[in-house]
Amino acid sequence: MTEAVPTSALQGWLSKRGKKGVTKGWKRRWFVHVGDELQYYVTPDDAASLKGSISLSDILSVTATAPANKATGKTAFQINTPPRIYQLMADNEEAMRYWVEGIDSAVKRREGVDQNRQKEGWNLLTKRLETEIRRLRRALEITCDQLNVTPESMLLKADSEVDEEQTMGSASDPTNLRPFKAEALYEFEASHEEQISLSVGCIITVDGKYDGGWWAGTDTNGKRGFFPGAYVQPMD
């Protein structure tokens, strides 16, 4: 007996374009929100028919991409992630809004949970650091008594050595990225103030690369921000 796909408040049929675009065509898939993922199956009757999933943590934005087809009523939208843009099609405009709003809400709820966990983690880390600082302060006082010096004099000596190391390091830092221009291959809609939007063909002056596939740069209007590096191609 086959095991059915998990059920969710956010589930239903969508047409999904293959990874290679037009050459792969559109395929009907059953999408369902499960935990921190948006999973898609060949059929809702068989959990073994799972074809793939989209992590909510990877989703940057969800946007409608075209008005409803006059003949069929089908309406396209896309899910933007750093490694890939997922092109999807709902049966009608109402279904498209259901998915866009539903996915956006799921992403925001997950971000809220992550923020609460992060806050709890910071509180725990702060307490540990405060305990460690007290231990180090006491160790410094004991050492100073044994050496017959004041803690202030020891700290001044340490500060001067740190300043000297930082000065030497900044003068020979090899990690500075030489700015270069890149052309956007895909659209990207900024969802936070520190991000910049991309339109196909726009030119960005890139000046930084960061973990997680994010790049930083300035658009032709002079606005600087972050964007997914996979969405652009360096220019010769």
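This is a predicted model: local features need pLDDT of at least 70, side-chain atom pairs count only at pLDDT 80 or more; totals for chains, interfaces and linings use all residues.
## Overall fold and confidence

Residues are numbered from 1 along each chain as its sequence is written, and side-chain values use heavy atoms, with hydrogens and water left out.

The mean pLDDT (the predictor's confidence in each residue, from 0 to 100) is 83, and 86% of the residues reach 70 or more. Contact means heavy atoms within 4.5 Å.

Of the 236 residues in the chain, 28% are buried. Buried means under 20% relative accessible area, exposed over 50%, and partly exposed in between (1.4 Å probe, protein chains only).

## Gln-78

Gln-78 lies in strand E6, residues 75-80. Gln-78 counts as buried because its relative accessibility is 9%. Leaving aside neighbours within four places in sequence, Gln-78 is in contact with residues including Ser-61, Val-62, Tyr-86 and Glu-187.

The side chain of Gln-78 also makes a polar contact with the side chain of Asn-80, at 2.9 Å. A polar contact is a pair of N or O atoms within 3.5 Å; within protein, one must be able to donate a hydrogen and the other to accept it, and residues adjacent in sequence count only if both atoms are side-chain atoms.

## Asp-219

Asp-219 sits in the loop between strand E10 (214-218) and strand E11 (224-228). With a relative accessibility of 18%, Asp-219 counts as buried. The side chain of Asp-219 reaches the backbone nitrogen of Asn-221 at 3.0 Å, and a polar atom of that side chain lies 2.8 Å from the backbone nitrogen of Lys-223.

Apart from neighbours within four places in sequence, Asp-219 is in contact with Ile-196, Ile-203 and Ile-204. Asp-219 and Val-206 are 13 residues apart in sequence, and their C-alpha atoms are 8.9 Å apart in space.

Definitions and conventions:
Helices (H or I, at least four residues) and strands (E, at least two) are DSSP runs, numbered from the N terminus.
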